[in-house]
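Welcome! Please take a look at the sequence and the 3D structure below, and then read on for a short tour.

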Amino acid sequence: MGKDNIFHKLKAKANRSKKRAHEKKEPYPKFLIVCEDTVSGYHYLIEAVRHFRLSTANFSIVGLGQDPLDIVRDAERRFNEEKKSHKPDFERVFCVFDKDNHARYYNAISKVDSINKSIGYDAPIFTAITSIPCFEIWLILHFEYTTKLYTDQERKTASNQVVKDLTGFIKNYDKSNKTALKDTIQLLPSAITNAQRLCTYCEKNNSESPATKMHELMTFISSLK
């Protein structure tokens with residue numbers, strides 16, 4: 001009877017060891033993504049990490065449906081909680097949000113800078129992945145380079161106009177879309193090139209719209225595997 005108990009204890013210990021080995025973090029940065037979006041952009045990123053076959057032990061993606069400043073605050077809270085836990089710390093934190101018509105957009109960007117200064121590491125841990133006016137400008141850049149200025153009109157917001165233009169490339173696209181990654185992944189290199197080109201254009205012309213930093217996040221994700 002005693003030998004049986006010892007056997008079962010040893011077997012249970014071996015199983016726990018196997019579980020820990022399975023859950024072990026891969027040899028690339030552990031990262032957190034907190035999104036303003038809960039549907040299209042959120043599912044795009046979920047599918048992206050699946051597409052590149054990243055280990056679930058290395059990342060966490062959260063869709064909150066809150067304004068940009070609350071997104072950054074939530075990301076900071078999760079970062080600090082991870083540091084207090086027995087688990088490895090998040091080495092990169094991405095706060096993904098649109099400018100759209102958010103009143104606290106610039107407050108969120110300032111908060112990201114403030115957090116990085118308070119952490120005091122040589123390289124920034126927190127990165128604001130912004131899109132102006134919205135995430136869908138990133139999707140358009142898969143199909144064409146554009147500097148078209150989108151502004152609110154009487155009957156359509158700037159974001160609604162971007163979505164309308166996107167339907168010229170992805171038929172029947174709307175904000176509830178869950179297949180954006182599948183519909184665009186083959187054009188990812190073009191999107192990255194176009195987004196970088198757009199950033200250069202905005203810098204040279206002292207402009208902020210349209211623009212997106214999604215290429216920074218997708219370059220990071222795609223480089224891990």
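A residue counts as buried when its relative accessible area is under 20%, and as exposed when that area is over 50%. With a relative accessible area of 0%, Cys-134 is therefore buried. Please keep in mind that this is a predicted model. The tour goes from the cysteines to the sheet, and then to one of the helices.

**Cysteines**

- How many disulfides does a search of the whole structure find? The search comes back with zero.
- For a disulfide, the two sulfur atoms would have to be within 2.5 Å.
- Cys-202 also counts as buried, at 8% relative accessibility.

- Five strands form an open sheet in the order 2-1-3-4-5, and their pairing is mixed.
- Strand 2 and strand 5 (211-212) are the edge strands, since each of them pairs on one side only.
- Strand 1 (residues 31-35) and strand 2 (residues 59-63) run parallel and are joined by five bridges. Here you can find Cys-35 opposite Gly-63 in strand 2.
- Together with helix 2 (residues 40-51), strands 1 and 2 make a β-α-β unit, and this unit is right-handed.
- Strand 3 and strand 4 also run parallel, with six bridges joining them. Look for Val-93, which stands opposite Phe-126 in strand 4.

**Helix 4**

- Helix 4 has 15 residues (105-119), so at 1.5 Å a residue it should span 21 Å. The C-alpha atoms at its ends are 22 Å apart, which agrees with that expectation.
- Which residues of helix 4 are buried? They are Tyr-105, Ala-108, Val-112, Ile-115 and Asn-116.
- What covers the buried residues of helix 4? The cover includes helix 3 (68-84), strand 3 (92-98) and strand 4 (126-132).
- On the face of helix 4 turned away from its buried side, you will find the exposed residues Lys-117 and Ser-118.
- Just after helix 4 comes Gly-120, which takes a positive phi of about 80°.

Terms used: Residues are numbered from 1 along each chain as its sequence is written. This is a predicted model: local features need pLDDT of at least 70, side-chain atom pairs count only at pLDDT 80 or more; totals for chains, interfaces and linings use all residues. Side-chain values use heavy atoms; hydrogens and water are left out. Helices (H or I, at least four residues) and strands (E, at least two) are DSSP runs, numbered from the N terminus. The expected span of a helix is 1.5 Å times one less than its number of residues. Buried means under 20% relative accessible area, exposed over 50%, partly exposed in between (1.4 Å probe, protein chains only). Contact means heavy atoms within 4.5 Å. Two strands pair if DSSP finds at least two bridges between them. A crossover is right-handed if, with the strands pointing away from the viewer, the path from the first strand over the helix to the second runs clockwise.
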